[in-house]
Amino acid sequence: MPFQQLRDVTPEGARVVLRRAALVFASGRAALEAMACGAPTVVYDFRQAYQGPLMDENLYRQMLNSYSGRGGFAPRPEQVIAAGERAMAKSESYWRGWVERHHDARTVVEQILKPD
């Protein structure tokens, strides 16, 4: 499978690539943006300078951890492959729907401004 890393592209350029992606491995905002584009996404992060690889398929836990991979585990190669296959088996609407259900700006603003 061809691999492409996005760096220094416009938001529009990123959306084009994400909408066409068969599978995205990302963390943080990039993972959330990939899901919003309907791309099958695995939360996976590897910052070799200070941490090993982290992966987590539990989107509820990852939502609380800013989709960072924290709380996940250091995967073996076969686990990364299996996670990718599971992600690709889900529909585009699953990924887009996750973002719509959990990251709607109107809902978030109401929660933030809600009196105690």
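Predicted model: local features only at pLDDT ≥ 70, side-chain atom pairs only at ≥ 80, totals over all residues.

Colleague: OK. How many helices and strands does the chain have?
Modeller: There are six helices and three strands.

Colleague: And in what order do the elements run from the N terminus?
Modeller: The order is α-β-α-β-β-α-α-α-α.

Colleague: What are the spans of the C-alpha trace along its principal axes?
Modeller: They come to about 45 × 30 × 30 Å.

Colleague: How does the radius of gyration sit with a compact globule?
Modeller: It agrees. A compact globule of 116 residues would have a radius near 13 Å, and the chain has 15 Å.

Colleague: What share of the residues is buried?
Modeller: Of the 116 residues, 30% count as buried. The accessible surface of the chain is about 8,100 Å². Carbon and sulfur atoms hold 54% of that surface.

Colleague: Switching to charge. How many positive and negative side chains are there?
Modeller: The chain has 15 positive and 13 negative ones. The centres of the two sets lie 1 Å apart.

Colleague: Why would opposite charges pair up at all?
Modeller: Side chains of opposite charge can pair when their charged atoms come close. Counting pairs with a side-chain nitrogen of Lys or Arg within 4 Å of a carboxyl oxygen of Asp or Glu, the chain has six salt bridges.

Colleague: Show me one. Which residue does Glu-33 meet in a salt bridge?
Modeller: Its partner is Arg-29, at 2.9 Å from N to O. Both residues sit in helix α2, which covers residues 28-36. They are four residues apart, so about one helical turn separates them.

Colleague: How exposed are those two?
Modeller: Arg-29 is exposed, with a relative accessible area of 65%. Glu-33 is partly exposed, at 35%.

Colleague: Which residues of α5 are buried, then?
Modeller: Trp-95, Gly-97, Trp-98 and Val-99.

Colleague: What do those buried residues pack against?
Modeller: They pack against α2, β2 (41-46), α3 (59-64) and α4 (77-89). Helix α2 is also where Glu-33 and Arg-29 sit.

Colleague: One more thing. Where does Arg-76 lie?
Modeller: Arg-76 is in the loop between α3 and α4. Its side chain meets that of Glu-78 in a salt bridge, at 2.6 Å from N to O.

Colleague: Are Arg-76 and Glu-78 buried or partly exposed?
Modeller: Both count as partly exposed. Arg-76 has 46% relative accessibility, and Glu-78 has 45%.

Colleague: How far is Arg-76 from Met-55, C-alpha to C-alpha?
Modeller: Their C-alpha atoms are separated by 9.9 Å. Along the chain, the two residues are 21 apart.

How values were computed. Residues numbered from 1 in each chain as written. Heavy atoms only, no water. Helix = DSSP H or I, 4+ residues; strand = E, 2+ residues; numbered from the N terminus. Rg over C-alpha atoms; globule rule 2.2 N^0.38 Å. Buried < 20%, exposed > 50% of the residue type's maximum accessible area, 1.4 Å probe, protein only. Areas by Shrake-Rupley, 256 points an atom, 1.4 Å probe, with all protein chains shown as cover. Lys, Arg positive; Asp, Glu negative; His and termini not counted. Charge placed at Lys NZ, Arg CZ, Asp CG, Glu CD. Contact = heavy atoms within 4.5 Å.
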